[in-house]
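Biologist: I would like to learn how to read a few features of a model. Could you take them in turn?

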Amino acid sequence: MSDTHAQTVAYVRDSMTEQREPPVAQSGAVKWTRENLFSTPLNIALTIVGLWLIWVILSHVLPWAFMGIWDADSLSQCREIRDELYGADVSVACWAVISERWEQLLFGFYPPELYWRPVLAFVLFLAAIAPILFASLPRKMLWLSAASPFVMFWLIWGGSLWVPICVALGFAVGWAAVRFAGPKVGALGGILLAIALPVLYWALIAEPLAGALQSIIPLGLESVESREMGGFMLALIIGIAGIVLSLPLGIMLALGRQSDLFIINKSSVIFIEVIRGVPLIVWLFTASLLLNYFLPPGTNFDLMLRVIIMVTLFASAYIAEVVRGGLAALPKGQYEAGDALGLDYWKSMRLVVLPQALKISIPGIVNTFIGLFKDTTLVVFIGLLDPIGLSNAIRASTEWNGIYWELFVFIGLCFFIFCFSMGRYSLFLEKKLRREHR
């Protein structure tokens, strides 16, 4: 309907006009570009300089990457192929080192015929962590999450199947102590029993029991030693173990630092401040060199296990401070709400306080996890062949001596995929919790 027929008198409209699209300059990409890139003379100048820098970088990087050579046995052969195809002065990537050594970069010196075991363990890890990360999945899958650490250990290291089963029984012993003896000895006594009984079981009973069961019913896989592991498999083992173990330990340290009990409070403070006050590389050297001096002669304490313990303790100190910040951000009324409901300390923390504190602490916790995963490259200084260590070993060979950027680009891209995934999940979780608490 035209504007003439829509009006009965000059100043009164008795019907709506047809809806029209907004002007091109006031919507979509054109509006965003005007407001963000060309809004002021300074922004115009910065945009032009930025576009020029992007062009300079991409004009060098893209031809180097996409004209790269994938099929060669050595760097010298790569150069021969480059000279034949593009000329001697053209800079192109020699991706053949990746196609030639990608298995070594991923698995280290793990036996090639057993690659299916770490791959299966990684798939199992993804299936086990899914119900923890996404609440929409069936809760029955949490049984898989609980059993997966023991199964993954058995798949990667091999050996007797009874070893992880007997280790898992130690946690059942701790649960039984809390379930049956906890009401009689109180909450603190139950916690001490839940710690002491499994430790005694693992130290005195687990190994002989596993050996006896193996002699009766031999079940197992071919054993693989830790020194044969390397590359991204090593980084994932240390990173995942450190992340999974440091979160509950960090929460306990944060609660301990706020405790009114003198011994628990001061012990938590000393532990956190000492661990945070020393660089991680020093703790790794401590795990590699000094720890043997405090162990009985002849003790075979696996180096990777020592590194996992040190990395876990280091990350837990940082997690404790992040969680403590979340606890301090809660108003005092939330603590009083738990008391008003008649909840004891642990139920109040589990049901009222910690869910809110952890929600506040999500960015800091994920940031600590990302830093922990990237810090696994420091194990190269104590002799473990992580991706950086393997790249040095590859470059030291006669075939690939002199190659640099291709290996580091591949390693950086793999680390970026894992770290970016953790960051995106953090944003997803923050948005989900923000929607649920509106």
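Modeller: First, the ground rules. This is a predicted model, where local features need pLDDT of at least 70, side-chain atom pairs count only at pLDDT 80 or more, and totals for chains, interfaces and linings use all residues. Residues are numbered from 1 along each chain as its sequence is written, and side-chain values use heavy atoms, with hydrogens and water left out.

Biologist: How many disulfides does a search of the whole structure find?

Modeller: A disulfide is a covalent bond between the sulfur atoms of two cysteines. The criterion here is a pair of cysteine sulfur atoms within 2.5 Å. A search of the whole structure gives one. Cys78 pairs with Cys94, and their sulfur atoms are 2.0 Å apart. The link of Cys78 and Cys94 has 80° about the S-S bond and is right-handed.

Biologist: Are Cys78 and Cys94 buried or exposed?

Modeller: Buried means under 20% relative accessible area, exposed means over 50%, and partly exposed is in between, using a 1.4 Å probe and protein chains only. Cys78 counts as buried at 3% relative accessibility, and Cys94 counts as buried at 4%.

Biologist: Why is Cys419 too far for a bond with Cys414?

Modeller: The closest cysteine sulfur to that of Cys419 is in Cys414, and it is 11 Å away, which is too far for a bond. Cys419 is buried, with a relative accessible area of 12%. Cys166 is also buried, its relative accessible area being 1%.

Biologist: Now helix packing. At what angle do α11 and α13 cross?

Modeller: Axes are lines fitted to C-alpha atoms, for helices over the stretch in contact, and angles run from 0 to 180 degrees between N-to-C directions. Helix α11 (residues 303-329) and helix α13 (residues 345-375) cross at roughly 145°, and their axes come within 8 Å. The crossing of α11 and α13 is right-handed; a crossing is right-handed if the near helix is turned clockwise from the far one by less than a right angle, and left-handed if anticlockwise.

Biologist: Which residues make the contact?

Modeller: Contact means heavy atoms within 4.5 Å. From α11 the residues include Val311, Ala315 and Tyr318, and from α13 they include Val353, Leu354 and Ala357. The contact of α11 with α13 has 16 nonpolar residues, four polar and no charged. Here Ala, Val, Leu, Ile, Met, Phe, Trp, Tyr, Cys and Pro count as nonpolar, Asp, Glu, Lys and Arg as charged, and the others, Gly among them, as polar.

Biologist: What about α10 and α11?

Modeller: Their axes are 9 Å apart and they pack at an angle of about 145°. This crossing of α10 and α11 is right-handed. Trp283 and Ser288 are among the α10 residues in the contact, and Arg306 and Phe314 are among those of α11. The contact of α10 with α11 divides into nine nonpolar residues, two polar and one charged.

Biologist: How are α4 and α8 arranged?

Modeller: The axes of helix α4 (residues 96-107) and helix α8 (residues 231-257) come within 2 Å and cross at roughly 20°. That makes α4 roughly parallel to α8, given that angles under 35 degrees count as roughly parallel, over 145 as roughly antiparallel, 65 to 115 as roughly perpendicular and the rest as oblique. Gln104, Leu105, Leu106 and Phe107 of α4 meet Gly231, Phe232 and Met233 of α8. Their contact has five nonpolar residues, two polar and no charged.

Biologist: Where does Ser288 lie, and what is it in contact with?

Modeller: Ser288 is in helix α10 (residues 280-288). Its relative accessibility is 15%, so Ser288 counts as buried. Leaving aside neighbours within four places in sequence, Ser288 is in contact with Leu303, Arg306 and Ile382.

Biologist: And Thr377, what does it touch?

Modeller: Thr377 is in the loop between α13 and α14 (387-395). Not counting residues up to four places away in sequence, Thr377 touches Asp386, Ile388 and Phe415.

How values were computed: Helix = DSSP H or I, 4+ residues; strand = E, 2+ residues; numbered from the N terminus.
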